[in-house]
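Thank you for sending this model for comment. Please have the sequence and the 3D view open while you read the note.

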Amino acid sequence: MKNKKNNRSFGILFSIVFFTIGLWPLLSSKDPIIVFIFIAIAFLILGLTNSKFLTPINKLWVKFGELLGRIIAPIVMFIIYSIILTPLSLLIRISGKDLLKLKYLKKSNSYWIQRDKDLGSMNKQF
């Protein structure tokens, strides 16, 4: 049952995509691309009839998405790290801040932080 629903949504989605590609030239006053419109109609018919012809194409599309995820995610994470986190870290180090209070203080007897407010008894935590 799940595979049929997945094939239906896959067929409808790809029919919308190919229909959009086929009609895109109309925005610049050109002729539509008939081949893509026929492909869109074929995907729509196959999607609405829950055809099993869409299963291998759907599986191939999912594998392609997983491959793109393995490639794109590390690139995006590297960009975020290098553009946001590294400069922020350098600014914090230059300013001399110790946000996690990890520096060793020779003058301090204890690293215990006194609470200002009482949390009450911890008998009923959950």
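Predicted model: local features only at pLDDT ≥ 70, side-chain atom pairs only at ≥ 80, totals over all residues.

The points below take up one asparagine and then a group of aromatic rings.

1. I would begin with N7, which belongs to helix α1, the stretch covering residues 2-23. With a relative accessible area of 3%, N7 falls under the 20% cut-off and is therefore buried. Leaving aside residues up to four places away in sequence, N7 touches G47, S51, L54, T55 and N58, and with N58 there is also a polar contact between the two side chains, at 3.4 Å.

2. Turning to the aromatic rings, a search of the whole structure gives eight aromatic pairs. One of them joins F14 and F18, whose ring centres lie 6.0 Å apart with 55 degrees between the planes, so this pair is described as tilted. Because F14 and F18 are four residues apart in helix α1, about one helical turn separates them, and both residues are buried.

3. F14 also pairs with W61, and here the arrangement is edge-to-face, with 4.9 Å from centre to centre and 90 degrees between the planes. This pair links distant parts of the chain, since F14 sits in helix α1 and W61 in helix α3 (residues 54-95), 47 residues apart. F14 is buried, at a relative accessible area of 12%, whereas W61 is partly exposed, at 43%.

Note on methods
Residues numbered from 1 in each chain as written. Heavy atoms only, no water. Helix = DSSP H or I, 4+ residues; strand = E, 2+ residues; numbered from the N terminus. Buried < 20%, exposed > 50% of the residue type's maximum accessible area, 1.4 Å probe, protein only. Polar contact = N/O pair within 3.5 Å; in protein donor to acceptor, adjacent residues only side chain to side chain. Contact = heavy atoms within 4.5 Å. Phe/Tyr/Trp six-rings, centres within 6.5 Å; stacked < 30°, edge-to-face > 60°.
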